Amino acid sequence: MNEEMLRQLDDWVVAKKGKPLSVIEREIIRQSWENVKYKDMQISNYTSSYVEKGLARNLWNLLSEVIGDGERVTKKNLKILVQRAIYNRSRPSPPAPPP
């Protein structure tokens, strides 16, 4: 995931939740984007089990609210849903119908 995409995702989280992604959440997103398995993730001071069952689970719930559009965000569908959200949110809105 490039920094521009991560920044956009962070902006959406701030707009929806009022706080940015944490450094750890950003790192989980980066490593998930690169298809790193939970057991191989290098998240300082956390076991891979806690990353998977605690931190990542909460992160996917958060991202589901922010970009899921009714779909649950997971490690496996992260790329597709982020790319879809960027595409959908970058298109101009249709004009409002006349009164």
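**View 1. The surroundings of I29.** Beyond its neighbours within four places in sequence, I29 is in contact (heavy atoms within 4.5 Å) with M1, L6, L9, L21, L59, L63 and L78. This is a predicted model: local features need pLDDT of at least 70, side-chain atom pairs count only at pLDDT 80 or more, and totals for chains, interfaces and linings use all residues. Residues are numbered from 1 along each chain as its sequence is written, and side-chain values use heavy atoms, without hydrogens and water.

**View 2. The largest nonpolar core.** This core has 27 residues. A nonpolar core is a set of buried (under 20% relative accessible area, 1.4 Å probe, protein chains only) Ala, Val, Leu, Ile, Met, Phe, Trp, Tyr and Cys residues joined through side-chain atoms within 4.5 Å. I29, W60, L63 and I67 have the most contacts inside it. Helices α1, α2, α3 and α4 (78–90) each give two or more residues. The largest share, nine residues, comes from α3.

**View 3. Helix α2 against helix α3.** The axes of α2 (residues 23–33) and α3 (residues 48–67) come within 10 Å and cross at roughly 90°. Therefore α2 is roughly perpendicular (65 to 115 degrees) to α3. From α2, I24, E25, I28, I29 and S32 meet V51, L55, A56, L59, W60, L62 and L63 of α3. Ten of the residues in this contact are nonpolar, one is polar and one is charged.

**View 4. Helix α1 against helix α3.** The axes of α1 (residues 3–17) and α3 come within 10 Å and cross at roughly 85°. So α1 is also roughly perpendicular to α3. L9, W12, V13, K16 and K17 in α1 meet L62, L63, E65, V66 and I67 in α3. Seven residues here are nonpolar, none polar and three charged.

Notes:
Axes are lines fitted to C-alpha atoms, for helices over the stretch in contact, and angles run from 0 to 180 degrees between N-to-C directions. Helices (H or I, at least four residues) and strands (E, at least two) are DSSP runs, numbered from the N terminus. Angles under 35 degrees count as roughly parallel, over 145 as roughly antiparallel, 65 to 115 as roughly perpendicular and the rest as oblique. Ala, Val, Leu, Ile, Met, Phe, Trp, Tyr, Cys and Pro count as nonpolar, Asp, Glu, Lys and Arg as charged, and the others, Gly among them, as polar. Buried means under 20% relative accessible area, exposed over 50%, partly exposed in between (1.4 Å probe, protein chains only).
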